[in-house]
Amino acid sequence: MEISYKDAGKGSALRFLLEYLGLEQAESAAFGDGDNDRGMLAFAGIGIAVANGSQGCLQAADHVTSSNDEDGVAEGVEWLLSLQPANCPAEQMADWAED
């Protein structure tokens, strides 16, 4: 049995983190593969599920990438980097890609 606070979850944790960092919801992205990731994916500016994720996770995501076994997270990061915002210099995006 698992007991936790009713408002606890990955979505509320992401909300808290964004507030703490002074970032907007639209400036966030999250990856998930399980039903426990649904709230986080739904809350994130962009929710990304790996193809082998649960049905609930896939439905909550904005984008589905390859499975974990097929480097889905790396593929998802590359996809995110391809969405360069108009106000973000290409040099900054390149720096993020190297980190």
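This report describes the predicted model of one protein, from its overall fold to its surface patches and selected residue pairs.

The model is predicted, so local features are reported only at pLDDT of at least 70 and side-chain atom pairs only at pLDDT 80 or more, while totals for chains, interfaces and linings use all residues. Residues are numbered from 1 along each chain as its sequence is written, and side-chain values use heavy atoms, with hydrogens and water left out.

**Fold and burial**

The secondary structure comes to five helices and three strands, where helices (H or I, at least four residues) and strands (E, at least two) are DSSP runs numbered from the N terminus. Read from the N terminus on, the elements follow the order α-β-α-β-α-β-α-α. Of the 99 residues in the protein, 28% are buried; here buried means under 20% relative accessible area, exposed means over 50%, and partly exposed lies in between (1.4 Å probe, protein chains only). The accessible areas themselves come from the Shrake-Rupley method with a 1.4 Å probe, and for residues only the protein chains shown count as cover.

| Residue | Relative accessibility | Class |
|---|---|---|
| Phe16 | 59% | exposed |
| Glu78 | 56% | exposed |
| Asp71 | 55% | exposed |
| Val77 | 36% | partly exposed |
| Lys10 | 35% | partly exposed |
| Ser66 | 18% | buried |
| Asp37 | 3% | buried |

Side chains of opposite charge can pair when their charged atoms come close. The count comes to one salt bridge, a term that requires a side-chain nitrogen of Lys or Arg within 4 Å of a carboxyl oxygen of Asp or Glu. Lys10 forms this contact with Asp37, and the closest N and O atoms are 2.6 Å apart. Because Lys10 lies in helix H1 whereas Asp37 lies in the loop between strand S1 (29-32) and helix H2 (38-43), the pair ties together parts that are 27 residues apart in sequence.

A pair of aromatic rings is described by the distance of the centres and the angle of the planes. The count of aromatic pairs comes to one, with rings of Phe, Tyr and Trp (its six-membered ring) pairing if their centres lie within 6.5 Å, and with planes under 30 degrees apart taken as stacked, over 60 as edge-to-face and the rest as tilted. Phe16 and Tyr20 form a stacked pair, at 6.5 Å centre to centre and 20° between the planes. These two residues are separated by about one helical turn, because they are four residues apart in helix H1, and both of them are exposed.

**Surface patches**

Patches are made of residues with over 30% relative accessible area and no salt bridge, in which like charges are joined within 9 Å and nonpolar side chains (Val, Leu, Ile, Met, Phe, Trp, Tyr) within 5 Å.

A negative surface patch is formed by Asp69, Glu70, Asp71, Glu75 and Glu78; Lys and Arg count as positive and Asp and Glu as negative, while His and the chain ends are not counted. The place of a charge is taken as NZ of Lys, CZ of Arg, CG of Asp or CD of Glu. Glu78 belongs to helix H4 (residues 72-81), whereas Asp71 is found in the loop between strand S3 (63-65) and H4. The phi angle of Asp71 is near 60°, a positive value in a residue other than glycine.

**Contacts across the sequence**

Ser66 also has its place in the loop between S3 and H4, and its C-alpha atom is 5.5 Å from that of Val50, although the two are 16 residues apart in sequence. Val77, in helix H4, has its C-alpha atom separated by 9.5 Å from that of Ile48, at 29 residues apart along the chain.
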